[in-house]
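Subject: The structure, and what turned up in it

Hi there,

Here is the structure I promised to pass on. Please have a look at it first, and then read my notes below.

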Amino acid sequence: MLLLIGSDGNKLESPIAKRFGHAEYLIEYNTNTKSFETFTNNKEEHNHDNLQKFLDNGVEVFIVGNIGPHAFEIINTPKSKVYLARKMSVQEAIDKFLNNELIQLTEATVKQSIGHGNDENHHHGRGHHKHNE
């Protein structure tokens with residue numbers, strides 16, 4: 001199974017990012033091989049196109065410190081789930097997930113997406129639109 005974790009660093013000892021969409025790194029962890037790959041999170045565009053690539057590659061679990069509604073909408077699918085992990089390392093979050101100790105999210109933990117496009121104030125909760133429909 002493939003997990004994707006938002007992280008402040010590029011190692012398993014690194015802390016979970018406080019906000020998934022603003023994580024410095026995304027760590028893809030394979031539970032079968034116990035190996036991982038680290039990706040720099042491209043926050044420039046901030047349209048979350050990279051998340052669809054991870055879904056297409058088979059990521060089934062996303063572990064987040066917090067997540068806004070736009071990213072949540074993309075990664076909470078019938079084939080993938082989102083779990084909450086705060087104030088711990090990536091490795092601790094992986095271990096807790098494998099021991100069924102993380103809470104599965106059913107909605108975003110943050111009410112508003114931040115930093116989409118040039119106008120940071122154009123997102124107001126439910127009026128948010130999907131990209132790439």
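This is a predicted model: local features need pLDDT of at least 70, side-chain atom pairs count only at pLDDT 80 or more; totals for chains, interfaces and linings use all residues.

Residues are numbered from 1 along each chain as its sequence is written, and side-chain values use heavy atoms, with hydrogens and water left out.

Most residues other than glycine have a negative phi. K87 is not a glycine, yet its phi is positive, at about 55°. You will find K87 in the loop between β5 and α3 (90-98); helices (H or I, at least four residues) and strands (E, at least two) are DSSP runs, numbered from the N terminus. N100 also has a positive phi of about 55° without being a glycine. N100 sits in the loop between α3 and β6 (103-104), and it counts as exposed at 70% relative accessibility.

The nonpolar cores

In soluble globular proteins, nonpolar side chains tend to be buried together. A nonpolar core is taken here as a set of buried Ala, Val, Leu, Ile, Met, Phe, Trp, Tyr and Cys residues joined through side-chain atoms within 4.5 Å. The largest one has 21 residues, and those with the most contacts inside it are L4, F20, F62, I67, I75, V82 and L105. Two or more residues each come from β1 (2-7), α1 (49-56), β4 (59-64), α2 (69-75) and β5 (81-84). Of these, α2 gives the most, with 4 residues. Apart from this core lies another, of 16 residues, among them I5, I16, I63 and A93.

What does L4 touch, leaving aside its neighbours within four places in sequence? L4 is in contact (heavy atoms within 4.5 Å) with F20, L26, I27, E28, F54, V59, V61, F62 and I63.

Aromatic pairs

The whole structure has 3 aromatic pairs. Rings of Phe, Tyr and Trp (its six-membered ring) pair if their centres lie within 6.5 Å; planes under 30 degrees apart count as stacked, over 60 as edge-to-face and the rest as tilted. One of the pairs is F20 with F62, edge-to-face at 6.3 Å centre to centre and 90° between the planes. This pair links distant parts of the chain, with F20 in the loop between β1 and β2 (25-30) and F62 in strand β4, 42 residues apart. F20 is buried at 2% relative accessible area, and F62 is buried at 0%.

F39 and F54 make another edge-to-face pair, because their ring centres are 5.1 Å apart and their planes stand at 80°. F39 belongs to strand β3 (residues 35-40) and F54 to helix α1, 15 residues apart. F39 is partly exposed at 28% relative accessibility, whereas F54 is buried at 7%.

One salt bridge

The count comes to 1 salt bridge, defined as a side-chain nitrogen of Lys or Arg within 4 Å of a carboxyl oxygen of Asp or Glu. K96 pairs with E101, and their closest N and O atoms are 3.7 Å apart. K96 is partly exposed, at 30%, and E101 is partly exposed, at 47%.

Definitions and conventions:
Buried means under 20% relative accessible area, exposed over 50%, partly exposed in between (1.4 Å probe, protein chains only).
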